Amino acid sequence: MGLFDRLRGNDNPRVAFIGIDGVPFSLLDEHRDEFPNFAALAEEGSAGAIDSIVPPESSACWPALTTGVNPGETGVYGFQDREVGSYDTYVPMGRDVQAKRLWDRVGEAGMNATVMNVPVTFPPQRNVQRMVSGFLSPGVDKAAYPDEFRDYLQEIDYKIDVNAKLGHKDDKSDFVEDAHDTLDKRFEAFEHYIQEDDWDLFFGVFMTTDRVNHFLFKDYERDGENKEAFMEFYRKVDEYVGKIRDMLPEDVTLVVASDHGFTSLDYEVHFNTWLEQEGWLSYESDDHSELGDIADETDAYSLIPGRFYLNLEGREPRGSVAEDDYEAKRAELKEALENLEGPDGNKVAARVVEKEEAFRGEHDDIAPDLVVIPNHGFDLKAGFKGHDDVFGTGPRNGMHSFDNASLYVDDPEASIEDADLFDIAPTVLDLMEVEYQRSEFDGGCLLSR
């Protein structure tokens, strides 16, 4: 591999990490003829399906992947989090991530990092060589550092994200065209800086894969009208990953990974509607639209995806569940969730996780008391208004899964059996020969050497 070599002051081996948001391993592994570059990476290196985290939601997953620790330490549990001691909520951004990122550790070791399009990194950090933030960022003008990087991205019409609203149309052609354009610009920028920058860690994420999956995944799994458009898009992803692999110098190990898996969506589950119908949740008025509108007698409420909070006395401002009743109430809610069935007679929950099982760290004061990991087909929503029925459908036909995330390491000595998202950060650091304490991570290095 490699088109060029540089004279470098640091002799440590280097890593290029390419994120493929939401790509299930089975998709790539079951179509090796369609995706020859992923097949070659698996055959010449190591590859396998890995587990995501609880909950398997991108806003929580990328902080966990890039730090190697759970949401109790990152402080980010989902797309929307709850303020301590309040019913107010906020959308977590990069500054809300309280754990040390991979590129922070690389910088502390005297090395350079180029970071591109990682979700939950806005505003861009200044302690790296360059960064353009990803998902949840405003325009490139505010999301890129330094200025010359911003200017280059604007010149090539780089887009931080696809226009997901186009996916709501019955005709997906405009959405697919926009997805290709976004992917093309992302690769153009990756290619440029992989070759131009003197980096030790290159960390770039293709987010558009997740977007395509949300609107076309059932077409792929169940032979829908957009199956060929889906496969054509992924053939391009495979082509770009192959080109990136070919351009890397000999001292670079390529790591490719997704933050969660994907599956077909059959039903959206509006859990706050269910809680209201079952007597767990009530509102102060009929005109409710947010968490702060819940009434004093509420016992539980939900935030996406599948996170449940008891309205606990002393923790919530208008808590109605006494501390002495906490365990019994939580067990009652857990049992109800475990028994909930969809319109097709299938159980909604594959399992219901108690917070002590999933979360450890200084930020467990905003941790959900229970998290539902759904069976395939049930996409877990919350919703404080607008849903009369518990089960419904929307414009999306694909949903995240806890299982079946992807990991490829261009090193035959990586062992990916029984791996999960927390193992990626220590593995990258070991590949780069950056020292760390094993106790700092919730995962471990996957290298056998």
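Reply:
**One loop and its surroundings**

Val120 sits in the loop that runs between strand E5 (113-118) and strand E6 (130-133). The model is a predicted one. What sets Val120 apart is its backbone: phi is near 60°, a positive value in a residue that is not glycine. Most residues other than glycine have a negative phi, and most peptide bonds are trans.

Tyr145 and Pro146 are joined by a cis peptide bond, with omega about 0°. Pro146 belongs to the loop between strand E7 (144-145) and helix H7 (147-155). Another cis bond links Ile304 to Pro305, where omega is about -10°. Pro305 is placed in the loop between strand E12 (300-303) and strand E13 (307-310).

Back at the Val120 loop, strand E6 is where the loop leads, and Arg130 of strand E6 makes a side-chain link. Arg130 and Asp197 form a salt bridge, with N to O at 2.6 Å. Asp197 is in the loop between helix H8 (173-196) and strand E8 (201-206), and Arg130 is in E6, so this pair ties together parts that are 67 residues apart in sequence. Over the whole structure the search finds 38 salt bridges.

The contact between them involves 29 residues of domain 1 and 36 residues of domain 2.

The size of an interface is often given as the accessible area lost when the parts come together. Here the area buried between domain 1 and domain 2 is about 2,600 Å², and carbon and sulfur atoms account for 66% of that area. On the domain 1 side, Tyr77, Arg82 and Tyr87 together supply 36% of the area buried against domain 2, more than any other three residues.

Arg82 also has a partner: its side chain meets that of Glu316 in a salt bridge at 3.8 Å, N to O. Across the interface of the two domains, the rule finds two salt bridges. Polar contacts between domain 1 and domain 2 come to twelve residue pairs, both members at pLDDT 80 or more.

Four elements of domain 1 each supply at least two residues to the side that touches domain 2: helix H4 (71-74), strand E3 (81-82), strand E4 (89-90) and strand E18 (398-401). H4 contributes the most, with four residues. Sorted by class, this side of domain 1 holds eleven nonpolar, twelve polar and six charged residues.

As for the chain as a whole, it has 14 helices and 19 strands. Its radius of gyration is 22 Å, close to the 22 Å that the globule rule gives for 449 residues, so the chain is as compact as a globular protein of that length. Along the principal axes, the C-alpha trace spans about 65 × 50 × 40 Å.

Conventions
Residues are numbered from 1 along each chain as its sequence is written. This is a predicted model: local features need pLDDT of at least 70, side-chain atom pairs count only at pLDDT 80 or more; totals for chains, interfaces and linings use all residues. Side-chain values use heavy atoms; hydrogens and water are left out. Contact means heavy atoms within 4.5 Å. Buried area is the accessible area (1.4 Å probe) that two parts lose on being put together, summed over both. A salt bridge is a side-chain nitrogen of Lys or Arg within 4 Å of a carboxyl oxygen of Asp or Glu. A polar contact is a pair of N or O atoms within 3.5 Å; within protein, one must be able to donate a hydrogen and the other to accept it, and residues adjacent in sequence count only if both atoms are side-chain atoms. Ala, Val, Leu, Ile, Met, Phe, Trp, Tyr, Cys and Pro count as nonpolar, Asp, Glu, Lys and Arg as charged, and the others, Gly among them, as polar. The radius of gyration is taken over C-alpha atoms; the globule rule is 2.2 Å times the number of residues to the power 0.38.
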